[in-house]
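Subject: Structure handover

Hello,

Here is the structure for your files, with notes on what was found in it below. Please keep it open while you read.

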Amino acid sequence: MLINKGKHRRPSKAVRVATLAGVAGAAVAVPLMGATSASAASVATWDKVAQCESGGNWSINTGNGYYGGLQFSNSSWAAAGGTQYAPRADLATKDQQIAAAEKLLAIQGPGAWSCAAAGGLTAGGPAADVNPSGSSAQTKSAPQENTAAVKKTPAPAQEKAQPAPKKSNGHGNYTVKAGDTLAKIAKAHGTNWKSVYAANKSVIGGNPNLILPGQKLSI
């Protein structure tokens, strides 16, 4: 999941919850322990981490292998017991994602998120006041967003909903790669995603969560 220092993706923004490549196996092998006052964080802290990881979008799914506000990979989501709520993090509620994140924090520490420092996340703190027993987001009818970074054959009805390709790839100094996100790119260049988006809105369009491989951004 978000786990890897580096939200996983970061290198890019991704770190977004480390993909637990290599770490995933270890995480699964460690017995899940409930988050305690020694391994927990407030909702406000998780909100800050999510703001850095995904722009604060708790139902985000850009198709790069990381899901939800805290950018869990499927392996880290399962290791933290998240599948008891939903198949993927983006299909779970905010409270459910935070509940799973606290278990992952107890197992791997704040290093599981590349945005831990930006959010002020540490291993010690009071447990988040959340209620993970609510209905998961998968019961909602709204479709999840997907970028063209990973192409899939959509059903006829879904095909119409695909975003139109951007007319121009821009002329910036950074070329977007598969798996990139604005947050990841911004972190790698010592800035924030809002500034990158503002400078490249004409290339990206109206959705900052949707950038395409090949676009050239000015950083």
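Q71 is buried, with a relative accessible area of 1%; buried means under 20% relative accessible area, exposed over 50%, and partly exposed in between, using a 1.4 Å probe and protein chains only. Q71 sits in the loop between α2 and α3. Its phi is near 50 degrees, a positive value in a residue other than glycine. For context, most residues other than glycine have a negative phi.

Some ground rules. This is a predicted model, in which local features need pLDDT of at least 70, side-chain atom pairs count only at pLDDT 80 or more, and totals for chains, interfaces and linings use all residues. Residues are numbered from 1 along each chain as its sequence is written, and side-chain values use heavy atoms, leaving out hydrogens and water.

T62 counts as buried because its relative accessibility is 9%. Its side chain makes a polar contact with the side chain of N64, at 3.1 Å. A polar contact is a pair of N or O atoms within 3.5 Å; within protein, one must be able to donate a hydrogen and the other to accept it, and residues adjacent in sequence count only if both atoms are side-chain atoms.

The protein chain has nine helices and two strands. These are DSSP runs numbered from the N terminus: helices are H or I with at least four residues, strands are E with at least two. Of the 219 residues of the chain, 47% count as buried.

α2 has twelve residues. Its buried residues are T45, W46, V49, A50, C52, E53 and S54. They lie on the same side of α2, because they cover an arc of only 165 degrees around the axis, taken from the directions from the helix axis to the C-beta atoms. Their cover includes α4, α5 (116–119) and α7 (182–188), where contact means heavy atoms within 4.5 Å. G55 follows α2 and has a positive phi, near 75 degrees.

W46 is also among the residues that touch the most other members of the largest nonpolar core, which has 28 residues. Such a core is a set of buried Ala, Val, Leu, Ile, Met, Phe, Trp, Tyr and Cys residues joined through side-chain atoms within 4.5 Å. α2 (43–54) and α4 (94–108) each supply at least two of its residues, and α4 gives the largest share, six residues. A second, separate core of 13 residues includes Y174, L182, A183 and L217.

Regards

Terms used: The expected span of a helix is 1.5 Å times one less than its number of residues.
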